Amino acid sequence: MAKKRIGLLGGSFDPVHVAHLALAQAAQQPLRLDEVQFIPAAQPWQKSQLGANSTHRVAMLELATQPYPTFRVNTTEIQRGGPTYTYDTVATLPASAHYFWLLGADQLQNFTSWHRWQDILQHVDLAVAQRPGSALTPPEQLSHYLAEHNKNIHYIDFKPSPISATLIRERLHQDQSVAQLVPDSVLHYLTQHQLYQP
């Protein structure tokens with residue numbers, strides 16, 4: 001029996017927005033994914049303080065992914081707490097599936113700075129989407145590693161999106177609309193809980 005194919009999309013999701021969902025959708029067909037798991041970080045070690053707590057971020061993810069039957073929210077990192085390292089997450093994945101770590105081209109350039117990045121690649125394949133202003137070519141150190149271990153990077157045909165969580169937080173802080181940037185259910189939640197307000 002063929003292994004289940006699972007896409008993993010990690011991030012702060014502070015807040016989740018339409019480009020996150022579009023990336024997960026774009027990855028599904030070319031990678032033949034059975035499901036995509038969104039993995040919200042507890043405390044990303046390469047980022048400063050988050051704008052919303054984990055309860056709010058998970059609630060917004062649950063709302064955003066609800067309409068998609070193959071999308072799941074995986075709260076492993078939130079439950080573990082403390083600084084979030086991708087290696088700790090992928091090392092605990094059940095070996096019964098084939099995993100693809102979905103990331104933007106900006107993160108690809110940065111990948112060799114990740115904690116135990118070579119060990120991460122023992123557990124997942126990388127699937128990369130275009131991001132504005134970032135090259136799709138992996139850094140030299142990563143290229144060498146992949147060639148030595150006979151591994152490939154999968155490329156996701158994805159129209160780069162200028163939407164970012166930073167932009168959304170800034171707009172909310174300035175009391176500007178973020179309609180069209182987040183799903184309606186998330187927009188309602190942001191308004192209801194007055195998140196990212198000045």
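Biologist: How many bridges join β1 to β2, and do they run parallel or antiparallel?

Modeller: This is a predicted model, and in it six bridges join β1 to β2, which run parallel. One place to look is I6, which stands opposite E35 in β2.

Biologist: What makes β1 and β2 count as paired strands?

Modeller: Pairing asks for at least two bridges. β1 and β2 have six bridges, so they pass that cut-off.

Biologist: Which strands form the open sheet, and in what order?

Modeller: Six strands form it, ordered β4-β2-β1-β6-β7-β8, with parallel pairing. The edges are β4 (71-73) and β8 (153-156); each has a single partner strand, so one side of each lacks a neighbour in the sheet. On average, neighbouring strands are turned by 30° against each other, direction ignored.

Biologist: How do you know that β8 is paired with β7?

Modeller: Four bridges link β7 (residues 124-129) and β8 in the parallel sense, and pairing needs at least two. In one of these places, A129 has I156 of β8 as its bridge partner.

Biologist: Why is I156 called buried?

Modeller: Buried means under 20% relative accessible area. I156, in strand β8, has 6%, so it is buried. Leaving aside neighbours within four places in sequence, I156 is in contact with residues including L23, A26, A27 and L102. I156 and V128 are 28 residues apart in sequence, yet their C-alpha atoms are 5.8 Å apart in space.

Biologist: What lies across the strands?

Modeller: Helix α1 (residues 18-31) lies across β1 (4-11), β2 (35-40), β4, β6 (97-104), β7 and β8. Helix α1 runs at about 145° to β2.

Biologist: What makes β2 largely enclosed?

Modeller: Six of the six residues of β2 are buried, so the rest of the structure largely encloses this strand. In a regular strand, side chains alternate between the two faces of the sheet. Here E35, Q37 and I39 point one way from β2, V36, F38 and P40 point the other way, and all are buried.

Biologist: How do you know that E35 is buried?

Modeller: E35 has a relative accessible area of 5%, and the cut-off for buried is under 20%. Its side chain makes a polar contact of 2.8 Å with the side chain of Q37. Beyond neighbours within four places in sequence, E35 is in contact with K4, R5, I6, G7, T70 and R72.

Biologist: Why does N74 count as buried?

Modeller: N74 has 13% relative accessibility, so it counts as buried, under the 20% cut-off. N74 sits in the loop between β4 and α3 (76-80). The side chains of N74 and T76 are joined by a polar contact of 2.3 Å, a distance within the 3.5 Å limit. Apart from neighbours within four places in sequence, N74 is in contact with Q37, F38, I39 and P40.

Biologist: Why are α2 and α9 called roughly antiparallel?

Modeller: Helix α2 (residues 54-65) and helix α9 (residues 184-193) pack at about 150°, with axes 8 Å apart. Angles over 145 degrees count as roughly antiparallel, so that is the name for α2 and α9. The contact is made by T55, H56, A59, M60, L63 and A64 of α2 and S185, V186, Y189, L190 and H193 of α9. The crossing of α2 past α9 is right-handed.

Terms used: Residues are numbered from 1 along each chain as its sequence is written. This is a predicted model: local features need pLDDT of at least 70, side-chain atom pairs count only at pLDDT 80 or more; totals for chains, interfaces and linings use all residues. Side-chain values use heavy atoms; hydrogens and water are left out. Helices (H or I, at least four residues) and strands (E, at least two) are DSSP runs, numbered from the N terminus. Axes are lines fitted to C-alpha atoms, for helices over the stretch in contact, and angles run from 0 to 180 degrees between N-to-C directions. Contact means heavy atoms within 4.5 Å. Buried means under 20% relative accessible area, exposed over 50%, partly exposed in between (1.4 Å probe, protein chains only). A polar contact is a pair of N or O atoms within 3.5 Å; within protein, one must be able to donate a hydrogen and the other to accept it, and residues adjacent in sequence count only if both atoms are side-chain atoms. Angles under 35 degrees count as roughly parallel, over 145 as roughly antiparallel, 65 to 115 as roughly perpendicular and the rest as oblique. A crossing is left-handed if the near helix is turned anticlockwise from the far one by less than a right angle, and right-handed if clockwise.
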